[in-house]
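This report covers a helix pair and some backbone features. The sequence and structure come first.

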Amino acid sequence: MKNNAAVTICSINYLAKALVLFESYRLYHPEQQFYIIIVDRKIAGFSIDRPGLSVIWVEDLPIANFLQYAFTFDIIELNTNVKPTVLKLLLAKHDTVLYLDPDILIFSRLDVVFEALGNAAVVVTPHCNTPILDGKKPDDLEFMRFGAFNLGFIGVSRCAEGYDFLDWWSVRCLEYGFYEPQLGLAVDQKWVNLAPSYFPKLVVLHDIGLNVAFWNLHERRLASVDDKAMVNEQVPLKFIHFSSFNADAPENE
């Protein structure tokens, strides 16, 4: 049996969301270890005592000249740009590792992802599987600005190509991981547009139950079928990505 794990990255202000993600993930994957990387200055004596959860502070990651990056990037950029380093660190302990943004909620097991990682080095999901042609945003122009794949989710397996991918991605993120869409930069995300050309064992997962979010609701309808959450009444819902959700004004979403 493979030793799989999952991780999220957040600052202290997102910790409550990260813990909700952790609880939902462990509900369906009780056998797996879950990690939270906290991108904030370390607090002495801070701990979270929950079975199956490990907390790592960003300053303890193996990043040379870390303070240089900490003061170069803003908080969102830093959270995203340490992602490849985190995945590489955890692959030393686990056969496969999934990264999930802290604003994600799990609704069923992710076996389809781990099955794909049995042969793939990397798995990603596109923002959507079909074009958005209703004249509203997001649309193809937005995806040209921010990337074809949503890197709020990614899975990597422990293999030579997986490590090669993470090494390449880490350098790009730590050197050029700024949010400057007018220059063609979108933190960690847009680099992965190039990855299918460089890494042939990268697999794009088109399961419509994965990474349901506002950018793909034109093609995905949620419903309850026999008390089970389904997408388009045919595919089990795996997780929803509540990106940009404002809890103070939920009616705006």
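Contact here means heavy atoms within 4.5 Å. The model is predicted.

## Packing of H4 and H7

Two packed helices are described by the angle between their axes and the distance between the axes. For helix H4 (residues 83-91) and helix H7 (residues 160-176), the axes come within 8 Å and cross at roughly 150 degrees. Because angles over 145 degrees count as roughly antiparallel, H4 is roughly antiparallel to H7. Their crossing is left-handed.

On the H4 side, the contact involves Lys83, Pro84, Thr85, Leu87, Lys88 and Leu91. These residues meet Tyr163, Leu166, Asp167, Trp169, Ser170, Cys173 and Leu174 of H7. By class, the contact between H4 and H7 is made up of eight nonpolar, two polar and three charged residues.

## Positive phi outside glycine

Asn65 is not a glycine, yet has a positive phi of about 55 degrees. Asn65 sits in the loop that runs between strand S3 (53-57) and helix H2 (66-72). Its relative accessibility is 55%, so Asn65 counts as exposed, the cut-off being over 50%.

Glu233, also not a glycine, has a positive phi of about 60 degrees. The loop that holds Glu233 lies between strand S12 (228-231) and strand S13 (235-236).

## A cis peptide bond

The peptide bond from Lys137 to Pro138 is cis, and its omega is near 0 degrees. Pro138 belongs to the loop between strand S6 (122-124) and helix H6 (140-146).

Note on methods
Residues are numbered from 1 along each chain as its sequence is written. This is a predicted model: local features need pLDDT of at least 70, side-chain atom pairs count only at pLDDT 80 or more; totals for chains, interfaces and linings use all residues. Side-chain values use heavy atoms; hydrogens and water are left out. Helices (H or I, at least four residues) and strands (E, at least two) are DSSP runs, numbered from the N terminus. Buried means under 20% relative accessible area, exposed over 50%, partly exposed in between (1.4 Å probe, protein chains only). Axes are lines fitted to C-alpha atoms, for helices over the stretch in contact, and angles run from 0 to 180 degrees between N-to-C directions. Angles under 35 degrees count as roughly parallel, over 145 as roughly antiparallel, 65 to 115 as roughly perpendicular and the rest as oblique. A crossing is left-handed if the near helix is turned anticlockwise from the far one by less than a right angle, and right-handed if clockwise. Ala, Val, Leu, Ile, Met, Phe, Trp, Tyr, Cys and Pro count as nonpolar, Asp, Glu, Lys and Arg as charged, and the others, Gly among them, as polar.
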